[in-house]
Amino acid sequence: MKMKEKPGYYPILINLVKFDCLVIGGGLVASRKVLSLLEFGANITVLSPKFCLSLKNLSDKKKINIIKKNYSTEYIKDYKIVFCATDNPVINKTVREDCTKEGILLNVADNPLLCDFILPANIRRGDLTISISSQGKAPFFVKAMKKKIDQLIPQIYNKITVLAAEFRKQIIQNKKIDSIKIKTNLFKRFTSRDWEKILIEKGEKNPKYYIQEILKEFNLL
């Protein structure tokens, strides 16, 4: 199959709990990368001859593993995903070559040409994750868009997402609801409600309270 000259990056969510991650580099860029990975439960090892204070603190708290060594090929072989966050172009290129040989997915900070995958900007409200990308072409614009969208999505969407997850669970488990059409209508009814207003006015009641309200509308209680 012929490789396209201009690859497109496919948006995907990966369960990082299943894949140990190696971060190469011990500075502030590496630290920011590590902190973002920790948000998603990643098991992280950081490789560098020296480390910034924030990485040392994370290591002291047993949140990451560190290897105080210079880079060599042997260190990547036990990993499926590698993040390179050094300011050394020679090391970056070497890691790129090694990962290609070993079939390891690589992200190199601020260098899309060396990447197998790039990282979007993320806005999180609990389990609700909104990712923004320009395919690596305009990160400054992505940063501005993240700020704008972040202001549009209040923190209460964390609770709305929890409610939506519980609603879906109840619908799937309810043996009375065996029609795809009814399920679709129930989900439409849920999303049509102004949950932001409802939760503010009525308060954070048990999710079952709100779920039962909708089920009553459909005579399913």
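**Close-up 1. Helices α7 and α8 cross at roughly 125°, and their axes come within 13 Å.** The model is predicted: local features need pLDDT of at least 70, side-chain atom pairs count only at pLDDT 80 or more, and totals for chains, interfaces and linings use all residues. Residues are numbered from 1 along each chain as its sequence is written, and side-chain values use heavy atoms, with hydrogens and water left out. Helices (H or I, at least four residues) and strands (E, at least two) are DSSP runs, numbered from the N terminus. Axes are lines fitted to C-alpha atoms, for helices over the stretch in contact, and angles run from 0 to 180 degrees between N-to-C directions. α7 and α8 are therefore oblique to each other. Angles under 35 degrees count as roughly parallel, over 145 as roughly antiparallel, 65 to 115 as roughly perpendicular and the rest as oblique. The crossing of α7 past α8 is right-handed. Right-handed means that the near helix is turned clockwise from the far one by less than a right angle; anticlockwise is left-handed. From α7, the contact uses Trp195, Ile198, Leu199 and Lys202; from α8, Tyr209, Tyr210, Glu213 and Ile214. Contact means heavy atoms within 4.5 Å. By class, six of these residues are nonpolar, none is polar and two are charged. Ala, Val, Leu, Ile, Met, Phe, Trp, Tyr, Cys and Pro count as nonpolar, Asp, Glu, Lys and Arg as charged, and the others, Gly among them, as polar.

**Close-up 2. Helix α7 (residues 195-202) buries Trp195, Ile198 and Leu199.** Buried means under 20% relative accessible area, exposed over 50%, and partly exposed in between (1.4 Å probe, protein chains only). Down the axis of α7, the buried residues fall within an arc of 95°, so they line one face of the helix. The arc is that of the directions from the helix axis to the C-beta atoms. An α-helix has 3.6 residues a turn, so residues three or four places apart point the same way. Ile200 and Glu201 are exposed on the other side of α7. The cover over the buried residues includes α5 (157-173), α6 and α8. Just after α7 comes Gly203, with a positive phi of about 90°.

**Close-up 3. Helix α6 (residues 180-192) packs on helix α8 (residues 207-217) at an angle of about 125°.** Their axes are 11 Å apart. The angle makes α6 oblique to α8. Their crossing is right-handed. Leu186, Arg189 and Phe190 of α6 meet Ile214, Leu215 and Glu217 of α8. By class, this contact has four nonpolar, no polar and two charged residues.

**Close-up 4. In helix α2 (residues 53-60), Leu55, Leu58 and Ser59 are buried.** They cover an arc of only 100° around the axis, which puts them on the same side of α2. Leu53 and Asp60 are exposed on the other side. The buried residues are covered by elements including α1 (28-38), β2 (44-47) and β3 (65-67). Lys62 follows α2 and has a positive phi, near 65°.

**Close-up 5. Ser48 sits in the loop between β2 and α2.** Ser48 counts as buried, at 6% relative accessibility. Leaving aside neighbours within four places in sequence, Ser48 is in contact with Gly25, Gly26, Ile67, Lys68 and Lys69. From Ser48 to Lys33, the C-alpha to C-alpha distance is 14 Å, and the two are 15 residues apart in sequence.

**Close-up 6. Arg96 belongs to helix α3 (residues 89-102).** Its relative accessible area is 14%, so Arg96 is buried. Beyond neighbours within four places in sequence, Arg96 is in contact with Ile104, Leu106, Leu114, Cys115 and Asp116.

**Close-up 7. Asp110 has a positive phi, near 60°, in a residue other than glycine.** Most residues other than glycine have a negative phi. Asp110 lies in the loop between β5 (105-108) and β6 (121-125). Asp110 is exposed, with a relative accessible area of 77%.

**Close-up 8. Gln135 is not a glycine, yet its phi is positive, about 60°.** The loop that holds Gln135 runs between β7 (128-132) and α4 (139-152). At 31% relative accessibility, Gln135 counts as partly exposed.
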